[in-house]
Amino acid sequence: MSSARFVLLSLCSALLLQATLGFDPLSHFCSSSENFTAGSPYESNLNKLTSFLYTKTPSSGFGLGSIRQYQDQVYGLALCRGDTSPSDCKACVADAGAEIRRRCPRNKGAIIWYDNCMIKYLDTDFFGQIDNANKFYMWNVNNVSYPEAFNGRVRGLLTGLVEEAYTVPKLYATGEMGLEDKTKLYGLVQCTRDLSATECKECLEGAIGELPSCCDGKEGGRVVGGSCNFGYEIYPFVNV
Ligand SMILES: *[C@@H]1O[C@H](CO)[C@@H](O)[C@H](O)[C@H]1NC(C)=O
Ligand SMILES: *[C@@H]1O[C@H](CO)[C@@H](O)[C@H](O)[C@H]1NC(C)=O
């Protein structure tokens, strides 16, 4: 009981801080399937899951759990960006857990992304399945002057990072590449750790395949999904 109250207080104070600093969600989706009712076992399970992910995620940057009571079961995970500190991860998961409930108050499933983390939950077991349904693009509005060659470099850097990411436990890799004009290209790729290594590779290759739709000739871009994401820019955006 006291630990539940502590988590709630922490959620509130973290939220105030985040609101002041102006960290907004990048995107979210509420699942179009069933709703739960107030006071139902599902709501109680979801509250427990949110608290669990908040406690579990910061130390390793990934948390996964399922809570079952009566016939109702909720499955969820939280992932922090690989370069996020445990304290920033914790603040982000707190923020995301509260905000997703405001945005999708009765949906049994939902997903929300921030710069530093994402949370997803569903009333069915989605672990280890590549999420092809939830996805969005972001891009830097600036165009490069030599798009064909630049697109090739972006693809080359990201493909190399995938080869690294899927072989390490964190399913995450970052790197940089020098460009002809002496500027540098920086990239990041990451998967949720419910995926196997080969699923991670498949997910990221699929995302990279969307480069022409997302970020053709753009100085920076991201494809962000429920199971994996990448980003690139011509300035260093990864925390080291
Ligand atoms: C769930 O709730 C939303 C918002 O109240 C409503 O628009 C939607 O029709 C509901 N869906 C179902 C399946 O009841
Ligand atoms: C980039 O190119 C697109 C398509 O040609 C154009 O609409 C857009 O205005 C350009 N962006 C900038 C910042 O110049």
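**View 1. Here is an open sheet of 5 strands, ordered 1-4-5-3-2 with antiparallel pairing.** Strands count as paired if DSSP finds at least two bridges between them; strands (E, at least two residues) and helices (H or I, at least four) are DSSP runs, numbered from the N terminus. Strand 1 (27–30) and strand 2 (62–69) sit at the edges, each pairing on one side only. From one strand to the next, the twist averages 5°. This is a predicted model: local features need pLDDT of at least 70, side-chain atom pairs count only at pLDDT 80 or more, and totals for chains, interfaces and linings use all residues. Residues are numbered from 1 along each chain as its sequence is written, and side-chain values use heavy atoms, leaving out hydrogens and water.

**View 2. Strand 4 (residues 110–113) meets strand 5 (residues 117–122) in an antiparallel pairing over 4 bridges.** Look for Ala-110, whose bridge partner in strand 5 is Tyr-121. Helix 3 (residues 86–103) packs on the sheet, touching strand 1, strand 3, strand 4 and strand 5; contact means heavy atoms within 4.5 Å. The direction of helix 3 makes about 45° with that of strand 5, with axes fitted to C-alpha atoms, for helices over the stretch in contact, and angles running from 0 to 180 degrees between N-to-C directions.

**View 3. The largest nonpolar core has 27 residues.** Such a core is a set of buried Ala, Val, Leu, Ile, Met, Phe, Trp, Tyr and Cys residues joined through side-chain atoms within 4.5 Å, buried being under 20% relative accessible area with a 1.4 Å probe, protein chains only. Helix 4 (147–165) gives the most, with 7 residues.

Definitions and conventions:
Chains are lettered from A and ligands numbered from 1 in the order in which they are written. Buried means under 20% relative accessible area, exposed over 50%, partly exposed in between (1.4 Å probe, protein chains only).
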